[in-house]
Amino acid sequence: MASGTNLDAVQAQARAEAAAKTVFPILLSISFCHLLNDTVQSLVPAIYPLLKASFHLNYGQVGRIALTLQLTASLLQPVVGLYTDRRPQPYSLAVGMGITMIGLLAFAMAPTYVSILAAAAFVGIGSAVFHPEASRVARMASGGQHGTAQSLFQVGGNAGSAIGPLLAFLFIKGQANIAWFSFLALLGIVLLANIGAWFRNSRSHHPKPVVADPEHLASLGLAHPHVVLSTKQIGWSLAVLVALMFSKFFYLASLMSYYTFYLMNKFHLSIQNAQLHLFLFLGAVAAGTFIGGPVGDKLGRKLVIWCSILGVLPFTLVLPYANLFWTSILSVIIGLILASAFSAILVYAQELMPGRIGAVSGLFFGFAFGMGGVGAAILGKLADLTSIDFVYHVCAYLPAIGILTAFLPDLGPAKVRQPKTATA
């Protein structure tokens, strides 16, 4: 009787998910809020040259600012995801944006290097609260098009990351100017409060998701949306995905944190011109992010992961030897290809562990931030010991880790099986 009840509940949940329709107003709204959140975040690396000059910092100290921001977000996001899986907090989105606004104001008024690190920590905490629950909202509003929904959500964030340096170029002439961007965070708080209300109402009209072990579902004869994997296979697949994330975000750290310095050092560009090149690269990252999700929905996520990680290797190997024109072209190509991986990796991981959306989202967003921060700190120290050019020669080989994609199982649809019934 218990098994039958469990089976009926899971089947009811599956029918409800299949009947759900994509809620585009919510998807567009959460994507726009992601844009606002990441616009604010991307202001921080864009003003590194300003902070370096104002506080007389070396590359290692700049790297520690990035490490503080990214590692704070990295450590907290899985914790937030695990907690909200059990106790969803619709209005935590607005709270997270409020913490980010505090960090912005702290950056504008920080008198010392230590206070700069504290401001970076606030921005990191705000991001940690925002991302896991925002990813859950995107999935809830997806209507079953999970890859497309995550891409739309991600493209908002990447567009914000691209806009941040451009806004810094246009409006930030001194440290105090950063305070004006707190109005973006205030707009985000208002929008996220409305999304929180939709989230709460949606949950009150739908049954609580039933989390069941895939092997138990198979023993009941219930079709699972994807092939059933053993716990060992799931663990190995997650380890491969983590390695691929390391490759992607460690390399991206070299471009997001030090691309302006690289261009200024090698081609003698001004800070403003270097920021414009960073804007072009981050714009390509935004475009690539949007492409990855729909392609993964139609052709398979593993194919997208193959092409985006290993496929970018020839371009990263050529980049350190290119002139300014080809450096600009190659950075756009690299951003376009490499960025398509994240939505595919995230949704692939969510399909490995259905019912753990918050935890998986928190883990992978957290790992992304952590790798960005650790990468920035390590690469900054390496640049101090050698040169910024040497950093790009070393990082060029990171996408070769993409060969590990061969070990990921194909998550094709499982064959529909009905429970066996007794014959008369």
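Trainee: Which helix gives the most to the nonpolar patch?
Mentor: Helix α11 (residues 271-299) does, with three residues. Helices here are DSSP runs of H or I, at least four residues, numbered from the N terminus. This is a predicted model, where local features need pLDDT of at least 70, side-chain atom pairs count only at pLDDT 80 or more, and totals for chains, interfaces and linings use all residues. Residues are numbered from 1 along each chain as its sequence is written, and side-chain values use heavy atoms, with hydrogens and water left out.

Trainee: Which residues form that patch on the surface?
Mentor: I291, V295, L299, L303 and L336, with about 410 Å² of accessible area together. The areas come from the Shrake-Rupley method with a 1.4 Å probe, and for residues only the protein chains shown count as cover. Patches take residues with over 30% relative accessible area and no salt bridge; nonpolar side chains (Val, Leu, Ile, Met, Phe, Trp, Tyr) are joined within 5 Å, like charges within 9 Å.

Trainee: Why does I291 count as partly exposed?
Mentor: Because its relative accessibility is 44%. Buried means under 20% relative accessible area, exposed over 50%, and partly exposed in between (1.4 Å probe, protein chains only). I291 lies in helix α11.

Trainee: Now the inside. Which residues touch the most other members of the largest nonpolar core?
Mentor: I65, F107, L192, L241, F364 and Y392, out of 107 residues in that core. Helix α10 (residues 231-267) supplies the largest share, 17 residues. A nonpolar core is a set of buried Ala, Val, Leu, Ile, Met, Phe, Trp, Tyr and Cys residues joined through side-chain atoms within 4.5 Å.

Trainee: What is Y392 in contact with?
Mentor: Leaving aside neighbours within four places in sequence, Y392 is in contact with S254, L255, Y258, Y259, Y262, L319 and P320. Contact means heavy atoms within 4.5 Å.

Trainee: And G124, buried or exposed?
Mentor: G124 counts as buried, because its relative accessibility is 0%. G124 is in helix α6 (residues 113-140). Beyond its neighbours within four places in sequence, G124 is in contact with L69, T72 and A73.

Trainee: Where is S142 found?
Mentor: In the loop between α6 and α7 (146-171). The side chain of S142 reaches the backbone oxygen of R139 at 2.7 Å. At 1% relative accessibility, S142 counts as buried.

Trainee: Change of topic. How many salt bridges does the structure hold?
Mentor: Three. A salt bridge is a side-chain nitrogen of Lys or Arg within 4 Å of a carboxyl oxygen of Asp or Glu.

Trainee: Which residue pairs with E133, and where do the two lie?
Mentor: E133 forms a salt bridge with R136, the closest N and O atoms being 3.0 Å apart. Both lie in helix α6, three residues apart, about one turn of the helix.

Trainee: What about E351?
Mentor: E351 forms a salt bridge with R301, with 3.1 Å between the closest N and O atoms. E351 lies in helix α15 (residues 341-352) and R301 in helix α12 (residues 301-309), so the pair ties together parts that are 50 residues apart in sequence.

Trainee: And K302, which residue does its side chain meet?
Mentor: D410, in a salt bridge of 3.7 Å, N to O. K302 is in helix α12 and D410 in the segment after α17 (388-395), 108 residues apart. K302 counts as buried at 16% relative accessibility, whereas D410 is exposed at 56%.

How values were computed: A polar contact is a pair of N or O atoms within 3.5 Å; within protein, one must be able to donate a hydrogen and the other to accept it, and residues adjacent in sequence count only if both atoms are side-chain atoms.
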